Amino acid sequence: ERIVSEDSAVRERFQEYVRHFLAELCELNLRYRKRPIGESGQSVDFPGFDVLMTSGVFPDQPRPRETRDDISESQKEFIDLAFRMALVRTAAPPEGGAMLVLETPEASLDSLFTYRAGDLLRQFAEEGGEIGNVLIASSNLNDANMIPALLGIDRDPGRVGDVSSRVMNLLDLAAPNAALALQRTAYRRQYAAATSSKPDRIPPGGAE
């Protein structure tokens with residue numbers, strides 16, 4: 001009953017979130033599935049959500065994606081994350097906080113969507129009423145710019161002074177592996193670049 005009563009909220013929030021990861025129009029549809037309770041119990045209608053999404057073949061009308069094989073590996077990752085965020089945001093009371101722990105998906109994002117995804121995740125962290133939300137995100141040092149996008153330092157250079165209180169730098173805290181032992185200076189340079197404000201790093205359209 002709770003799922004059905006919050007159907008509209010889940011679907012609306014899912015669409016709001018997933019557009020930060022995917023260019024295709026993607027939406028949910030509530031559908032009941034008849035499943036037995038236990039191995040031989042009575043069959044009951046359970047509510048669940050189907051994914052509908054546009055494609056190059058059907059650009060105007062979202063079509064059902066009935067199995068996991070109907071979407072790419074990266075699309076699975078983004079749809080799953082957007083759905084989890086929609087559920088968390090709907091279930092958490094407006095005055096209460098929520099926690100999201102994830103590995104950032106920058107490996108499957110182009111530069112524009114990296115900033116859009118970073119903005120979305122940062123907005124989630126800044127919500128949660130008086131208690132506030134908590135976002136714990138791990139990210140590699142690479143050229144995807146997820147770290148500055150998450151921190152918001154390219155959009156607002158004033159946030160740079162707050163970086164040390166928001167980042168656990170494993171270059172300093174973790175036991176060094178062979179790559180770090182050999183290339184420590186290069187890694188530190190890359191970390192410094194990722195945590196410095198460079199507004200011109202935002203790609204065209206990345207401010208939308």
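# Close-up views of a predicted chain

**Figure 1. Overview of the chain.** From the N terminus on, the elements run α-α-β-β-β-α-β-α-β-α-α-α-α. That comes to 8 helices and 5 strands. Helices (H or I, at least four residues) and strands (E, at least two) are DSSP runs, numbered from the N terminus. This is a predicted model: local features need pLDDT of at least 70, side-chain atom pairs count only at pLDDT 80 or more, and totals for chains, interfaces and linings use all residues. Residues are numbered from 1 along each chain as its sequence is written, and side-chain values use heavy atoms, with hydrogens and water left out. The C-alpha atoms fill a box of roughly 65 × 40 × 35 Å, taken along the principal axes. Of the 208 residues, 36% count as buried (under 20% relative accessible area, with a 1.4 Å probe and protein chains only). Among contacts with a separation of 6 or more, 64% join residues 24 or more positions apart. A contact means heavy atoms within 4.5 Å.

Figure 2. Strand β1 (residues 26-36) and strand β2 (residues 43-53) run antiparallel, joined by 11 bridges. Two strands pair if DSSP finds at least two bridges between them. Tyr32 stands opposite Pro47 in β2. The hairpin has 6 residues between its strands. In the turn, Gly38 has a positive phi of about 80 degrees.

**Figure 3. Helix α4 and its surroundings.** Helix α4 (residues 111-125) has 15 residues. It reaches 21 Å from its first C-alpha to its last, close to the 21 Å expected at 1.5 Å a residue. The expected span is 1.5 Å times one less than the number of residues. Because 11 of its 15 residues are buried, α4 is largely enclosed by the rest of the structure. Among the buried residues are Phe113, Tyr115, Arg116, Asp119 and Phe124. The buried residues pack against α2 (7-18), α3 (73-91), β4 (99-103), β5 (134-138) and α5 (146-151).

**Figure 4. The largest pocket.** This pocket has a volume of about 1200 Å³. Of its 37 lining residues, Ala137, Ser138, Ser139, Val167 and Met168 are the closest to its centre. The elements giving two or more residues to the lining are α4, β5, α5, α7 (170-173) and α8 (178-194). On a 1 Å grid over the protein atoms alone, a pocket is an open set of points with protein on both sides within 12 Å along at least five of seven lines, and lining residues have an atom within 4 Å of a point. Grid points are joined across faces, edges and corners, and a volume is the space filled by probe spheres set on the points. By class, the lining has 22 nonpolar, 8 polar and 7 charged residues. Ala, Val, Leu, Ile, Met, Phe, Trp, Tyr, Cys and Pro count as nonpolar, Asp, Glu, Lys and Arg as charged, and the others, Gly among them, as polar.

**Figure 5. The second largest pocket.** About 470 Å³ of space lies here. The lining has 16 residues, and Phe49, Val51, Arg65, Arg68 and Ile79 lie nearest the centre. β1, β2, β3 (63-65) and α3 each supply at least two lining residues. The largest share, 4 residues, comes from α3. The lining divides into 7 nonpolar, 1 polar and 8 charged residues.

**Figure 6. The cavity.** A search of the whole structure finds 1 cavity of 30 Å³ or more. In a cavity, a 1.4 Å probe fits but cannot get out. The largest cavity holds about 40 Å³ of space. Leu151, Ile153, Arg159, Asp162, Val163 and Arg166 line the largest cavity. Its lining has 3 nonpolar, no polar and 3 charged residues.

Methods: Buried means under 20% relative accessible area, exposed over 50%, partly exposed in between (1.4 Å probe, protein chains only).
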